[in-house]
Amino acid sequence: MTAEQIIFLLTGALVLGSGLMVVTVRNLLHAALWLVVSLFGVAILYAILQANFLAVVQVVVYIGAIAILFIFAVMLTRRELMEKGRQTRSNWWIPALLGLLILAGLVVLILSVPGVNHTAAAMPAGLDTVQALGTALVSPDAYVLPFEVASVLMLAALVGAVYVATAGKK
Amino acid sequence: MSVPLSWYLILAAALFCIGLYGVLSRKNAIAILLGVELMLNAVNVNLVSFWRYLDPAQMAGQAFAVIVFAVAAAEVAVGLALIISVYRRRKTVVADEIDLMKW
Amino acid sequence: MTNWIIWILPLPPLLAFFAIILFTNKNKALSHGIAVAAAGLSWLGSMIVFISAVGTQEFGKHVFESAINWLPTGATWLQVGVRVDPLTAVVLFFVAWTVLAIFVYSIGYHNFGQPKGDHDLPGLPPHGATVIEEEQTHRVPSIEPMYSRFFAFISLFAFGMYTLVVSNNLLTLFVGWEIMGLCSYLLIGFWYGKKSARDAAIKAFITTRIGDVFMLLGIAWLYSYTGTLSFSEIFKPEILQGMGNTIAFPAFAMHIPALWPFFSSFSVAGSIGILLFIGTIGKSAQWPLHAWLPDAMEGPTPVSAMIHAATMVSAGVYAAIRMFPLLQADVTGTSLAFVGFIGAFTALFAATIAVAQNDIKKVLAYSTISQLGFMIAALGVHAYVAAAFHLVTHAFFKALLFLGSGSVIHGMEHGVLHTGEHVDAQDMFNMGGLRKKMPVTFWTFLIGGLALSGFPVLTAGFWSKDAIFAEAFGGGHLLVFIVLALAAFLTAFYTMRQITLTFFGEGRTKAAEHASETTWTMTLPLVVLAVFAVGVGWVGMPAWFTGGLVPDWFHEFVGGTLAQAPEAMPFNWIPLVTSLVVALGGLLCGWLAYRNVSALAEDRLQIPLLKNKYYFDEIYAFLFVKPAIWIAEKFTSLYMDQVVIDGVLHSLARFSLFLGHVFRNYFDKPVINEFFGDGAGKTVKASGSGLRKIQSGRVQYYMVVAIVVLVVFAFLYYFLKRGM
């Protein structure tokens with residue numbers, strides 16, 4: 001059990017634990033906050049995986065924007081009596097069962113792939129991942145098209161969200 | 001790196017299932033979106049770990065993850081906008097109560 | 001050269017028929033003019049043919065014959081054509097003269113030139129018109145309303161007779177035969193307003209039809225046996241011999257040995273001959289098919305003359321004479337024996353009835369039946385020439401007698417109209433003393449009556465009857481001879497009875513006292529026929545009468561028709577004396593018995609059996625007519641048609657309705673409509689109602705379902721893959 005593994009395990013527990021809390025706590029605001037924790041754990045994972053840029057982006061975008069958005073939405077849709085009483089549906093065991101089944105299936109599937117237990121090779125020397133990622137995202141031979149489409153998507157989402165959320169004229 | 005790939009993958013799978021559970025069992029619509037976020041993150045972990053373990057020189061994994069970020073953000077924005085709009089109208093965010101498009 | 005004349009000489013009366021019906025029906029003068037002109041043309045053609053036939057040496061061997069192909073029958077043709085041999089020539093002679101005389105007579109008979117009657121309706125006899133002259137009204141005879149129609153019909157009749165006479169084969173003979181049958185129906189029922197006339201017309205047609213059916217059987221048999229219907233072909237010696245020697249019903253004869261003597265006595269020739277002869281029995285009113293002829297007196301008198309003297313009955317005898325070679329070819333002699341029996345029996349039978357009749361025309365009707373019996377009996381005793389001779393002479397004097405009786409009736413009707421007395425103008429007991437009032441009629445009628453009785457030497461009837469007696473006696477047929485002698489006695493008796501009652505003595509009624517002579521169109525034909533009634537007999541005088549100086553021209557001429565000319569009978573004084581005795585004796589008895597009879601009650605011969613014609617009409621009505629009417633009305637119409645056939649139809653209809661009802665209510669509605677039609681709809685609706693609950697509108701529910709299905713499929717896929 002190397003140090004990396006221990007760190008991984010701890011981070012993993014953090015992620016999974018807070019994930020569980022997200023889906024089980026009654027108070028929605030607490031759930032959103034637990035989501036923040038979980039996302040943070042995922043950022044740590046990215047860092048371990050040496051995807052530095054992604055770790056930062058994770059914190060900035062997911063935690064800084066999306067989670068905050070969630071908190072705003074929760075606050076905008078609160079009601080007095082809303083958080084009393086059960087917050088899960090009455091037939092919660094069906095999703096639980098499903099989840100377990102799928103987990104089991106996925107695990108079996110994962111373990112059946114040959115070479116899945118290999119450890120990572122060392123990073124190629126001299127590879128600047130950030131620069132390579134940037135080049136890939138704007139290079140016409142690489143992924144400029146998805147990049148541009150993603151930006152169009154953002155625009156559409158922006159306009160759509162503004163339109164949908166705007167209250168109609170009274 | 002001494003962590004086998006399978007650990008990351010299993011972690012991602014577990015996170016995915018937790019998110020799935022959340023989607024399927026929570027009453028509040030916003031809580032459902034929280035579950036969706038967890039699932040997206042699981043996907044991202046999967047992608048990035050594959051990127052790292054198979055061929056770090058190829059930027060496809062990261063690029064894909066970046067796009068997933070963008071899509072997740074857009075989706076959350078629009079979803080929450082929808083939920084707020086519905087809340088204004090029906091004064092509820094319980095998913096089961098928003099069932100007009102039915103038989 | 002004369003052949004084409006033979007072809008066209010039947011045509012003028014046919015054209016006259018069509019012309020009168022289609023065009024000149026309204027114009028009486030034109031109609032009778034066309035008819036008489038047509039009769040005249042045919043007369044002219046017949047005379048030319050006759051003269052040229054007589055002028056030909058050995059005419060029997062060189063007949064005028066011409067035929068054309070008519071019906072294709074497989075590989076051969078049925079030929080039709082004309083043939084004039086000696087028999088035809090003499091028949092043409094008398095047919096032409098009598099037809100022409102009757103046509104001319106009809107003009108006067110139907111009162112041409114007289115005014116229209118007061119209450120005359122078409123379909124009923126005319127009843128006189130009232131004429132105002134010099135402030136005196138008196139009634140005169142009126143013109144017949146259906147004048148042109150009469151001439152059209154008798155023209156058609158004449159056409160039928162000419163066709164029959166000149167035909168060279170049985171088929172066209174039969175065609176002419178049937179045309180005359182139709183015309184007799186039309187003419188006997190000429191005054192169709194009278195029920196008695198209508199019934200008489202039907203009776204005549206049906207009775208002769210019975211004979212015609214058998215005749216047709218005979219024709220069919222003959223055709224199937226020989227393959228031809230032409231006389232010259234049938235009468236070839238080898239064919240006749242073949243037919244004469246073959247047994248007719250070999251199957252019956254062989255399988256019923258007990259009846260062998262009976263069945264073996266029928267040869268093919270004999271059987272065919274008998275069948276054809278049955279047609280003659282019908283047409284010439286021999287017993288047992290005699291009942292129609294007296295009733296046929298319902299028609300106007302020219303019709304009676306035409307049918308019963310000149311044409312129709314003569315046609316029957318003519319056909320029988322024609323088929324004589326066939327009858328003769330029968331080696332068993334059955335057919336000729338049958339013929340002779342029928343003829344002799346009828347002759348006596350009819351003569352006995354005639355003595356008890358009061359109507360002037362009925363006496364003549366039965367007389368006709370009797371005389372035809374004479375001719376047929378003559379055939380039966382192989383007296384071919386005598387039969388033909390009597391046919392010719394009879395035509396003349398019988399036509400004369402009928403036309404004379406018509407003249408008498410006209411004179412009586414004139415008296416009836418004049419005096420206003422309502423008596424039957426035809427009843428002899430209302431007449432009397434007419435010799436003073438109607439002299440021409442009297443003398444011609446007397447000549448005719450004497451000819452009928454067989455008054456010696458001077459009248460034609462004597463020669464022909466004597467020939468028959470001679471043949472019968474000389475041929476050894478004594479029974480026939482005696483029967484015919486008796487019949488001849490009765491003939492003379494009732495003839496003289498008739499003449500005495502009608503013309504001699506004093507008028508018994510006022511009408512008779514005021515009778516008057518008829519017009520020239522009626523008396524001229526009488527005179528012409530009287531000349532023939534006297535003279536035509538002399539051409540057939542037997543050779544021994546003049547000691548061999550004058551040959552028996554008729555015998556030689558007509559005898560040449562047969563393949564083997566019959567020999568003339570040598571002189572025998574028994575038949576001669578017999579004929580003299582019966583003729584003169586009968587005349588004397590008749591005159592003596594009736595010269596002082598003044599009323600019906602004094603007539604001692606009014607025996608009910610005779611008066612009622614031996615009740616044959618009643619017998620036939622009981623045996624045939626009533627059952628036939630019952631079959632038609634009760635059995636066929638009521639039971640078969642209405643009950644059975646209609647019943648079947650009605651039950652079929654009801655069954656169809658029932659079936660339809662069943663199908664509709666038990667199959668169509670429940671199964672097709674409800675089960676398939678509505679059922680499909682209901683099922684879809686129900687399943688739709690059920691299935692739509694899946695759309696709950698709740699997003700998580702959808703997602704659960706989707707994930708469940710995904711998991712299931714994943715597991716299936718995985719395990720199947722593993723299994724493979």
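**Exercise 1. Work out how many residues of chain C and chain B are in contact, and sort the chain C side by class.**

Step 1: Two residues are in contact if their C-beta atoms, placed from the backbone, lie within 7 Å. Ten residues of chain C meet this test with nine residues of chain B.

Step 2: Now for the classes: Ala, Val, Leu, Ile, Met, Phe, Trp, Tyr, Cys and Pro count as nonpolar, Asp, Glu, Lys and Arg as charged, and the others, Gly among them, as polar. The side of chain C that touches chain B has three nonpolar, four polar and three charged residues.

A quick note before you go on: this is a predicted model, where local features need pLDDT of at least 70 and side-chain atom pairs count only at pLDDT 80 or more, while totals for chains, interfaces and linings use all residues. Residues are numbered from 1 along each chain as its sequence is written, with chains lettered from A and ligands numbered from 1 in the order in which they are written.

**Exercise 2. Describe the side of chain B that touches chain A.**

Step 1: Count first: 61 residues of chain B are in contact with 72 residues of chain A.

Step 2: Next, find the helices (DSSP runs of H or I, at least four residues, numbered from the N terminus). In chain B, α1 (5-25), α2 (29-54) and α3 (60-90) each supply at least two residues of this side. The largest share, 22 residues, comes from α3(B).

Step 3: Sort by class, and you get 46 nonpolar, ten polar and five charged residues.

**Exercise 3. Decide how α15 and α18 of chain C are arranged.**

Step 1: Axes are lines fitted to C-alpha atoms, for helices over the stretch in contact, and angles run from 0 to 180 degrees between N-to-C directions. Helix α15 (residues 312-322) and helix α18 (residues 360-380) of chain C pack at about 5°, with their axes 10 Å apart.

Step 2: Angles under 35 degrees count as roughly parallel, so α15(C) is roughly parallel to α18(C).

Step 3: Look at who touches whom: C:V313, C:V317, C:A320 and C:I321 of α15(C) make the contact with C:T368, C:L372, C:M375, C:I376 and C:L379 of α18(C). Eight of these residues are nonpolar, one is polar and none is charged.

**Exercise 4. Summarise chain A.**

Step 1: Chain A has six helices and zero strands, giving the pattern α-α-α-α-α-α along the sequence.

Step 2: Among the contacts in chain A with a separation of 6 or more, 52% join residues 24 or more positions apart.

How values were computed
Angles under 35 degrees count as roughly parallel, over 145 as roughly antiparallel, 65 to 115 as roughly perpendicular and the rest as oblique.
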